[in-house]
Structures are given as structure tokens and as C-alpha cells.
Amino acid sequence: MTAPAINAERLQQRLEAFARIGATPAGGVNRQALSAEDRAARRLLTELAQARGFSVFQDPIANLFIRRGGHDDSRPPLLIGSHLDSQPTGGRYDGALGTLAAFEALEALQDAGLTSEAPIEVVAWTNEEGSRFAPGVMGSMAFAGAADPATWQSLTGSDGASFAHELAATLAALPEAAPRSLGMPVSGYIELHIEQGPSLEKEGLAVGVVTGVQGTRWLKVTISGEAGHAGTTPLPYRRDPMVAAVGILHQLQASVMPSDADARLTVGRIATIPGSVNAIPKAVSFSLDIRHPSASRLAAIEAEVRAICRDQCERQGCSAEIATAFDMPPGTFAPAMIDIIETAADRLFLSSKKMVSGAFHDALFLSKVAPTAMIFVPCRDGISHNEAEYVEPASVRDGARLLLEATIVAAKELP
Ligand code: HGY
Ligand code: MN
Ligand code: MN
């Protein structure tokens with residue numbers, strides 16, 4: 001079966017409609033996991049699915065599935081999709097593009113009166129970002145059996161919300177979605193996503209054929225010292241956790257990072273307790289997001305972080321507590337699925353290159369249970385996790401065309 005045309009116009013309108021859910025004044029979206037905005041986006045997708053006669057399911061971690069049957073419904077479904085949750089000041093394409101392009105693929109097949117061999121299911125994974133509730137990729141991790149959602153029930157969000165409460169509210173908000181148990185056999189998974197980096201745009205390439213994902217580790221560092229008076233406490237008498245924290249971060253950025261061009265370190269959050277202008281803090285906490293394509297280097301960087309924390313704390317008479325909030329080892333995708341995507345890109349005359357993803361994705365956990373790979377499209381200046389995130393309509397169209405083309409082949413060829 002050759003792929004029918006996707007309706008680029010309709011997809012663009014869908015992207016705009018979803019961008020209005022959680023829209024921020026600067027043109028981005030704030031649609032954090034399991035929030036009212038996330039629930040609104042899930043509802044809209046469910047209503048679009050019901051209007052098409054597709055069936056809708058939800059599993060216990062609120063992963064949302066939209067199913068269109070195939071010629072042989074006894075076969076495990078091919079999953080295509082991404083996520084609908086966003087960063088607090090996120091862009092309108094991160095996650096939404098892959099989810100809505102997957103839905104467009106189902107619509108295009110239906111409009112053309114074509115039926116895939118295996119059934120196809122569009123999936124919106126719960127809490128890919130991990131920003132409100134850590135860790136990220138919760139839905140796909142649980143689906144792949146790599147984590148037990150019961151361990152997350154007592155989590156509190158960055159906004160103080162209860163994970164259990166927000167999950168229950170999200171599940172209850174979609175009674176139309178038939179409940180489904182966690183995990184199921186899947187014939188394959190393809191995810192379309194923006195690159196969130198500059199290389200495709202710089203090299204003038206239409207798409208990226210993603211062969212794997214680098215590793216990610218999130219640490220929460222809490223430095224404890226002694227609270228004191230800002231005016232009366234001479235410096236030598238202080239045990240100031242902020243001085244230790246600044247020493248740690250300076251040493252990491254000045255010595256550890258420059259020694260390894262493939263390493264990435266980000267401090268996205270820092271807080272002091274009690275947070276009073278005129279009191280030496282009792283404690284300082286900060287997040288560390290560490291990335292590397294190599295698992296051994298990731299472990300080595302974490303060991304360096306721990307050694308530097310010990311050393312800087314000793315100098316300041318402070319102590320450090322380091323908790324691992326997320327540990328996602330690097331992974332590689334299935335050659336069979338990579339090949340399906342690459343040959344489909346050639347068939348569509350879309351210039352492409354193979355590449356590893358700098359961002360983590362739900363696809364990494366799906367790759368543990370089914371042949372999986374990803375498609376990237378360029379985004380302007382490689383900007384993402386930023387309200388200015390933008391994708392040219394031509395790239396939206398190319399990514400969706402390639403997703404549909406590869407989906408039809410995978411739904412036929414994968415067992
Ligand atoms: O942080 C990440 O890599 C993903 O974009 N959430
Ligand atoms: Mn994403
Ligand atoms: Mn993201």
C-alpha cells in the first residue's frame with residue numbers, strides 16, 4: 001500500500017488548537033503533566049478520536065491510546081505517538097507534534113479508505129517531561145515494566161501537588177476512555193519529534209533518522225550548613241552552604257565540563273532555606289541534569305560530582321546529601337525500524353542523516369519491549385524548552401508524511 005497524502009492544513013490547525021491549551025503570553029505552552037491543561041488536551045484528543053469512530057483506552061498511569069483496527073486485529077498493534085505534557089515555559093511542538101502527526105496518520109488512512117495490516121494505536125505517554133513530577137518518561141517507563149507506578153504515589157510535585165491526586169483526577173476526567181491494564185504486546189513503536197538541537201537545520205536536512213538516545217541522570221544536591229545573621233557573623237565564623245554550592249558549581253563548569261565535549265550539565269533549579277535576604281541559609285539545594293552518550297562516562301561524571309561536593313563541603317564546614325532523582329542509561333534503537341524509516345525517507349526524497357538524540361524520549365523505554373526508532377525534524381535555531389520553539393510548516397508536513405509512510409510499512413512487515 002502506498003501512503004495516502006496527509007492533510008498538512010488540518011495538522012497545522014490541530015497544532016494551533018492544542019497550542020491554545022495552556023498557552024502562555026509569550027507564545028509557548030504551560031501544560032505540565034497531570035495538570036488541568038494536560039487533562040484538557042487529553043479531552044480534546046479523545047473527542048477528535050471519538051468523532052472518527054476510533055476506540056480510546058487509558059491505562060493505570062493514564063497513558064492514552066487511540067486505536068484503529070487493521071486487517072488482522074489478532075496482531076499486536078503498532079504504536080505511534082509522543083506526549084502532550086510540556087515544560088512550564090515549553091514550546092508548542094515538543095511532544096504535541098509527534099502525537100498530533102500520529103493522529104493525522106490515522107485520519108489520512110481513514111480518509112483514503114485504507115486499512116493497515118496490523119492495528120495502529122496512537123499513544124500520548126504520561127509525564128514525559130518530568131519537570132512537575134520527577135522522573136520523566138513515567139508513562140512509557142511503567143508501560144515497559146521498567147518501574148512500578150506504586151513507587152510514585154507519594155510523590156509531591158514542584159508546585160506542591162500530590163501525584164496520586166493529580167493522576168486520579170486525570171484518570172477520572174476521561175470516563176470515555178476504556179480502562180486497560182499496564183503494558184501489552186506491541187509490534188513496534190515510531191515517534192516523530194523535533195530535534196531540539198541545531199544540526200538538521202544547520203546541515204539543511206529535511207529529517208533525522210534517530211538511532212538512539214544519550215544517557216540522562218538527575219541529581220538533587222542538598223548542602224547543609226549553619227543559619228546565621230547576615231550582619232553580625234564574620235566570614236571566618238560562617239558555615240555557609242551557598243559558598244559551598246557556588247564552589248561546587250564553579251568547579252564543575254570550569255574543570256569537569258570542558259574536559260569532555262560530549263558531556264552536558266544543567267542546573268535548572270536552585271533554592272535556599274529559609275530563603276531570607278538577611279539570614280545565612282541553613283541549606284541550599286540544587287538540581288543537576290547530567291547527560292552523556294556513554295554510560296561509563298555518565299557514572300564517572302557522577303563520581304566526580306560527589307567528590308567535588310565532599311571537598312567543597314569540607315572547606316566550608318558543611319555537609320552534602322545527593323539523591324538520584326532519575327537515571328536513564330543511553331540506549332540504541334532497532335536496526336529493522338531504523339531501516340524502515342531510512343528507506344521511507346529515501347522513497348519520499350527527504351534528505352536525512354542518522355543521529356543520536358541529545359534529549360531523552362519515551363521511545364527509549366519502548367525500545368526495551370518492541371522494535372523502535374524515531375524521526376526528527378528541524379526546529380528553528382535548534383531552540384526547545386523555550387516558548388520561542390518553532391517548526392516550519394514544510395518540516396511539519398515532511399515529518400508527518402515520513403511517519404505515515406514508515407507506519408504503513410512497519411504495520412505490514414513487523415511480526
Ligand atoms: O529533558 C529531555 O531530554 C526531554 O526533552 N524531556
Ligand atoms: Mn519531548
Ligand atoms: Mn521536552
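This is a predicted model: local features need pLDDT of at least 70, side-chain atom pairs count only at pLDDT 80 or more; totals for chains, interfaces and linings use all residues.
Biologist: Which protein atoms are the donors of the manganese ion (ligand 2), and how far from it do they lie?

Modeller: The manganese ion (ligand 2) has H83 (NE2), D94 (OD) and H193 (NE2) as protein donors, at 2.1 to 2.2 Å. Along the chain these donors have the spacing H-x10-D-x98-H. H83 belongs to strand 3 (residues 78-83) and H193 to strand 6 (residues 188-194), so this pair links parts of the chain that are 110 residues apart.

Biologist: Are H83 and H193 buried or exposed?

Modeller: H83 counts as buried because its relative accessibility is 0%. H193 is also buried, with a relative accessible area of 1%.

Biologist: Which residue bridges the two manganese ions?

Modeller: D94 does, and the manganese ion (ligand 2) and the manganese ion (ligand 3) lie 3.5 Å apart.

Biologist: Which residues are around ligand 1?

Modeller: Read the surrounding residues before the individual atom pairs. Around ligand 1 are E128, E129, Q196, R291, A359, F360 and H385. For the atom pairs, a nitrogen atom of ligand 1 lies 3.1 Å from an N or O atom in the side chain of E128. An oxygen atom of ligand 1 is 2.7 Å from an N or O atom in the R291 side chain, and an oxygen atom of ligand 1 is 3.2 Å from one in the H385 side chain.

Biologist: What domains does the assignment give, and how many residues from each take part in the contact?

Modeller: Domain 1 covers 8-213 + 330-413 and domain 2 covers 215-328. Their centres, taken over C-alpha atoms, are separated by 34 Å. The contact between them takes 17 residues from domain 1 and 12 residues from domain 2.

Biologist: Which residues touch the most other members of the largest nonpolar core?

Modeller: The general idea is that nonpolar side chains tend to be buried together in soluble globular proteins. Here the largest nonpolar core has 103 residues, and I66, L79, I80, I190, M337, I341 and L402 touch the most other members. Both domain 1 and domain 2 give residues to this core, so it lies between them. A second, separate core has 24 residues, among them V284, F286, L298 and C309.

Biologist: With what is L402 in contact, beyond its neighbours within four places in sequence?

Modeller: L402 is in contact with V207, I341, A344, A345, L348, L350 and I375.

Biologist: Where is Q312, and is it buried or exposed?

Modeller: Q312 is in helix 8 (residues 295-316), and with a relative accessible area of 10% it is buried. Its side chain makes a polar contact with the side chain of Q251 at 3.0 Å. Beyond neighbours within four places in sequence, Q312 is in contact with A244, G247, I248 and Q251.

Biologist: Which peptide bonds are cis, and where do the prolines lie?

Modeller: Most peptide bonds are trans, and most residues other than glycine have a negative phi. The bond from A134 to P135 is cis, with omega near 10 degrees, and P135 is in the loop between strand 4 and helix 4. The bond from I273 to P274 is cis too, with omega near 10 degrees; P274 is in the loop between strand 11 (270-273) and strand 12 (279-280).

Biologist: What is the phi of N127 and of F349?

Modeller: Phi of N127 is near 50 degrees, and that of F349 is about 55 degrees. N127 lies in the loop between strand 4 and helix 4 and counts as buried at 1% relative accessibility. F349 lies in the loop between helix 9 (335-347) and strand 16 (352-357) and counts as exposed at 77%.

Methods:
Residues are numbered from 1 along each chain as its sequence is written. Chains are lettered from A and ligands numbered from 1 in the order in which they are written. Side-chain values use heavy atoms; hydrogens and water are left out. Helices (H or I, at least four residues) and strands (E, at least two) are DSSP runs, numbered from the N terminus. Buried means under 20% relative accessible area, exposed over 50%, partly exposed in between (1.4 Å probe, protein chains only). A polar contact is a pair of N or O atoms within 3.5 Å; within protein, one must be able to donate a hydrogen and the other to accept it, and residues adjacent in sequence count only if both atoms are side-chain atoms. Contact means heavy atoms within 4.5 Å. A nonpolar core is a set of buried Ala, Val, Leu, Ile, Met, Phe, Trp, Tyr and Cys residues joined through side-chain atoms within 4.5 Å. Domain bounds come from an automatic or database domain assignment. A residue is near a molecule or strand if one of its heavy atoms lies within 4 Å of it. Donors are N, O and S atoms within 2.8 Å of the metal (3.2 Å for Na, K and Ca); water is not among the atoms, so sites may look incomplete.
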